[in-house]
Amino acid sequence: MVTKVSTKDIHKNYGAVEALRGISVDILEGDVHAICGDNGAGKSTLIKVLAGVEVPDRGEVIIDGSPCHFNNPTDALKSGVATIHQDLAVAPRMTIFQNIFMGAELTKKFIGIPCLDKKKMREDSLGYMSQLNKSITDMNTKVEELSGGQRQAVAICRALRWNADIVILDEPTAALGVRETEQVLELIRSLKEAGKTVILISHSMKDIVAVADRVTVLRQGKNQINLDVKGLSADNLSHYILSGDAEQVH
């Protein structure tokens with residue numbers, strides 16, 4: 001198996017608070033790799049480092065074998081890393097295609113005057129969406145009319161439009177109902193089938209064992225354990241996070 005993303009001895013302090021204390025994780029290409037842990041374990045800070053929001057005090061991020069130094073999220077995007085945050089950052093009153101191409105609208109010239117190429121954006125948006133959710137076919141639908149799971153699909157399509165091959169999903173099923181949660185899990189499976197590497201941050205152990213290939217448990221800013229998810233139960237994973245008792249994991 002090929003390693004897609006590695007963090008090597010990542011440290012990050014906020015004043016006297018040591019948020020990350022030497023995190024080293026290897027994430028395989030094409031895997032769904034979950035990051036979990038109790039509150040304050042360092043999940044959010046690690047994701048901010050991978051997304052280019054925070055610069056580590058020490059250590060490095062390696063993608064496809066090459067060290068990467070992200071000073072901002074744009075640097076991460078250029079390296080193929082897209083982060084879908086919990087708030088999704090979608091514009092509810094805009095259409096699906098407008099959200100997918102927000103900030104990168106396609107244009108054409110009409111009698112020499114530049115104008116938006118809405119037809120091309122709708123066609124391309126439908127192409128992205130068909131990779132994830134074939135039931136959504138009208139790209140003129142406003143996002144406010146979509147369910148929570150469908151809104152996740154729009155946000156992920158934006159990442160596909162950026163040509164991201166590493167997609168970070170931060171608590172994608174938080175506050176969703178059972179049906180919408182299953183929609184999001186299907187989106188994650190679709191990303192894996194498309195060959196994307198997915199990094200999943202979640203408090204839901206049930207979701208993790210449903211879709212992840214491997215899981216890294218963080219504790220107090222350190223990576224406590226790395227596990228294959230196959231054969232792992234949600235209850236045992238929850239027990240380990242709470243107790244740190246490795247013998248109870250499997």
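Biologist: How many disulfides does this model have?
Modeller: This is a predicted model, and in it the count of disulfides comes to zero.

Biologist: OK, switching to charges. How many salt bridges turn up?
Modeller: A search through the whole structure finds 11 salt bridges. As a general point, side chains of opposite charge can pair when their charged atoms come close.

Biologist: Which residue does Lys120 pair with?
Modeller: Lys120 forms a salt bridge with Asp124, and the closest N and O atoms of the two are 3.3 Å apart.

Biologist: Where do those two sit relative to each other?
Modeller: Both belong to helix α4, which covers residues 118-130, and because they are four residues apart there, about one helical turn separates Lys120 from Asp124. Lys120 itself is partly exposed, having a relative accessible area of 36%.

Biologist: What about Arg189, which side chain does it meet?
Modeller: Arg189 meets the side chain of Glu182 in a salt bridge, at 3.0 Å from N to O. Arg189 is partly exposed at 26% relative accessibility, and Glu182 is partly exposed too, at 37%.

Biologist: And what does Asp213 pair with?
Modeller: Asp213 forms a salt bridge with Lys192, where the closest N and O atoms are 3.1 Å apart. Asp213 lies in the loop between α7 (205-211) and β11 (214-219), while Lys192 lies in helix α6 (residues 178-193), so this pair ties together parts that are 21 residues apart in sequence.

Biologist: How accessible are the two partners?
Modeller: Asp213 is partly exposed with a relative accessible area of 25%, and Lys192 is partly exposed as well, with 32%.

Biologist: Which residues are linked in a network of salt bridges?
Modeller: Lys4, Asp64 and Asp165 are linked in such a network.

Biologist: Asp64, where is that in the fold?
Modeller: Asp64 belongs to the hairpin of β4 and β5, which has two residues between the strands, and there Asp64 takes a positive phi near 55°. Strand β4 (residues 58-63) and strand β5 (residues 66-68) pair in the antiparallel sense over three bridges, and the bridge partner of Ile63 in β5 is Ser66.

Biologist: What is the order of strands in that open sheet?
Modeller: Four strands form the open sheet in the order β2-β1-β4-β5, and the pairing is antiparallel. The edges are β2 (17-28) and β5, each with a single partner strand, so one side of each is left without a neighbour in the sheet. From one strand to the next, the twist averages 25°.

Biologist: How many bridges does β1 make with β2, and with β4?
Modeller: With β2, strand β1 pairs in the antiparallel sense over nine bridges, and one of the facing pairs has Ile10 with Ile23 in β2 as its bridge partner. With β4, strand β1 (residues 3-14) pairs in the antiparallel sense over five bridges, and here His11 stands opposite Arg58.

Biologist: Last topic, the inside. Which residues touch the most other members of the largest nonpolar core?
Modeller: That core has 49 residues, and the ones touching the most other members are Ile188, Ile208, Val215 and Leu237. Helix α5 (residues 148-161) gives the core its largest share, seven residues. In general, nonpolar side chains tend to be buried together in soluble globular proteins.

Technical notes:
Residues numbered from 1 in each chain as written. Predicted model: local features only at pLDDT ≥ 70, side-chain atom pairs only at ≥ 80, totals over all residues. Heavy atoms only, no water. Salt bridge = Lys/Arg side-chain N within 4 Å of Asp/Glu carboxyl O. Buried < 20%, exposed > 50% of the residue type's maximum accessible area, 1.4 Å probe, protein only. Disulfide = S-S within 2.5 Å. Pairing = 2+ DSSP bridges. Axes fitted to C-alpha atoms, helices over the stretch in contact; angles between N-to-C directions. Core = buried A, V, L, I, M, F, W, Y, C linked by side-chain atoms within 4.5 Å.
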